[in-house]
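Here are a few exercises to work through with the model open beside you. Try each task before reading its solution.

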Amino acid sequence: MIDIPEIPKNIQIVADHYHKATGIPCSTLDTVHKFIVHGSNELEALFAKIDPLWVVHCLETHFHSAMLSERFGGSYIYFGLLSLLYWVSPVIMHGTMDYAIIAGPVMTLDPSEILEEHALEQEEDKTKILELLNTIPHIDINRIHSLSEVLRMCSGWASGYSEHRMVESRQSLELQSRLSENIQDMKNSSQECFHCYPIEKESAMQEAVRWGNKPRAIVLLNEILGIILFSSGASFDRITFRVLEIISLLSRAAVQGGANEEKVLEKTFLCQKEIRYYSSLEGLSIWLSKILDSYIDMVIISVNAEFDPTIAQALRYIHSHYSEHLSLEETARCIKLSPNYFSSLFNSRMGKSFSSYVNQIRVEKAQKLLLDTSLPIIEIAGMVGFEEQSYFSKIFKDISTISPGRYRKRGASFTRENHEIHS
């Protein structure tokens with residue numbers, strides 16, 4: 001049984017403001033679970049009592065129209081219950097339409113004309129419906145196209161496409177503030193490592209990109225940029241060279257994460273041309289942040305297509321929290337599914353249980369730490385999410401066929417060939 005999903009706050013805010021500004025009812029459709037969130041709709045509630053199939057019919061009409069709105073460029077006007085008019089626009093998140101915003105119903109005919117077209121057996125039903133129709137906004141047909149265009153623009157904002165100057169200014173201030181804080185922390189620190197290229201942070205950033213973990217990737221990118229700016233002094237050419245290196249790393253991580261290789265290469269080639277147009281650290285930093293966003297979006301689209309948006313979201317959550325006390329119940333709650341349904345869905349889509357998958361991820365991370373560091377095994381166990389070393393050793397041996405200690409010794413006997421080379 002699927003829990004009733006929560007609509008993202010930014011989408012609901014858009015719907016609420018559209019309603020307040022226009023006076024037209026506005027609701028939100030979850031296109032994945034086929035569930036509508038809106039205020040009281042007495043007309044549909046009355047028809048549900050007259051004929052329960054009306055509810056199913058109305059929902060299917062809204063869902064089908066939302067699909068058409070995505071196909072036909074962002075807005076679609078259609079007739080619903082009692083020939084009342086609606087219009088709908090898609091909200092595109094991570095490359096897919098998970099939600100749509102519906103405006104309506106409104107009338108273009110007189111209530112009496114509407115009732116004449118729909119025969120109703122009970123006189124009391126006619127009276128009640130007529131009363132409700134009189135509460136519905138009466139809109140001139142010539143305004144509806146403009147109102148649908150305004151909704152399209154609003155849903156575009158909710159989708160995250162609002163790259164207007166105020167948003168860019170806020171992003172610029174936030175980015176510069178973080179970079180300044182990072183650089184000041186380095187100046188106050190006595191550690192000399194800030195003058196070295198941050199290979200470990202770089203690897204962590206690539207891992208975040210591979211699994212579409214945008215918040216983590218952004219934090220690491222800002223830290224890396226801070227180190228580059230701090231160590232490069234006033235040499236803008238050197239900074240530009242380092243930024244190109246980062247773009248190359250991001251592109252490889254995106255391909256490893258499943259992004260379309262041709263699109264990634266096309267984007268990377270375009271970046272090599274675009275970078276010459278930037279002559280300030282501020283502009284270069286903001287531009288690089290947008291490049292990071294685009295690569296991660298490519299990964300998310302690919303993972304969503306390979307599995308489905310729900311499982312893809314769960315995988316991203318697992319890879320962001322594997323080192324913590326991670327439970328099936330917590331993950332299910334994060335993606336708004338009941339634990340039982342999520343467990344069944346995960347098993348069928350992934351071919352293994354939730355706990356088996358989490359253990360596999362933890363062991364893979366432990367393998368890397370065993371070969372790349374000299375940390376004690378008990379410390380590595382804790383770093384990848386195991387509370388007891390004995391249990392860690394058992395799971396590690398089940399998956400790797402040898403103990404953590406022997407894995408480290410065996411790995412030390414071979415030359416590692418997967419190190420990044422930096423000039």
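A residue counts as buried when its relative accessible area is under 20%, as exposed when it is over 50%, and as partly exposed in between. Keep in mind throughout that this is a predicted model.

**Exercise 1. Is N359 buried or exposed, and which residues is N359 in contact with?**

Step 1: Find the element. N359 lies in helix α16.

Step 2: Apply the cut-off. The relative accessibility of N359 is 12%, so N359 counts as buried.

Step 3: List the partners. Setting aside neighbours within four places in sequence, N359 is in contact with F386, Y391, I395 and I399.

Step 4: Compare sequence with space. Y322 is 37 residues from N359 in sequence, and their C-alpha atoms are 8.7 Å apart.

**Exercise 2. Which elements do the buried residues of α6 pack against?**

Step 1: Describe the helix. α6 runs over residues 141-159, and its 19 residues reach 28 Å between the first and last C-alpha, close to the expected 27 Å.

Step 2: Pick out the buried residues. They are I144, L147, S148, L151, S155, G156, A158 and S159.

Step 3: Follow their packing. The buried residues of α6 pack against helix α1 (9-22) and against strands β1 (26-30), β3 (76-79), β4 (85-93) and β5 (96-106).

Step 4: See what comes next. G160 follows α6 and has a positive phi, near 100 degrees.

**Exercise 3. What lines the largest cavity?**

Step 1: Start with the idea behind the search. Rolling a probe the size of a water molecule over the atoms shows where empty space is left.

Step 2: Count. There is one cavity of 30 Å³ or more, and the largest cavity has a volume of about 30 Å³.

Step 3: Name the lining. It is made up of L225, L229, I239, V243, L281, L284 and S285.

Step 4: Assign the lining to elements. Those giving two or more residues are α9 (214-232), α10 (236-256) and α12 (281-306). The most comes from α12, with three residues.

Step 5: Six lining residues are nonpolar, one is polar and none is charged.

**Exercise 4. Step back to the protein chain.**

Step 1: Count the elements. The protein chain has 19 helices and five strands.

Step 2: Find the buried share. It comes to 43% of the 423 residues.

Step 3: Examine the contacts. Among contacts in the protein chain with a separation of 6 or more, 65% join residues 24 or more positions apart.

Key
Residues numbered from 1 in each chain as written. Predicted model: local features only at pLDDT ≥ 70, side-chain atom pairs only at ≥ 80, totals over all residues. Heavy atoms only, no water. Helix = DSSP H or I, 4+ residues; strand = E, 2+ residues; numbered from the N terminus. Expected span 1.5 Å × (residues − 1). Buried < 20%, exposed > 50% of the residue type's maximum accessible area, 1.4 Å probe, protein only. Contact = heavy atoms within 4.5 Å. 1 Å grid on protein atoms, 1.4 Å probe; cavity = no way out; pocket = protein on both sides within 12 Å on 5 of 7 lines; lining within 4 Å. Points joined across faces, edges and corners; volume = space filled by probe spheres on them. Nonpolar A, V, L, I, M, F, W, Y, C, P; charged D, E, K, R; others polar.
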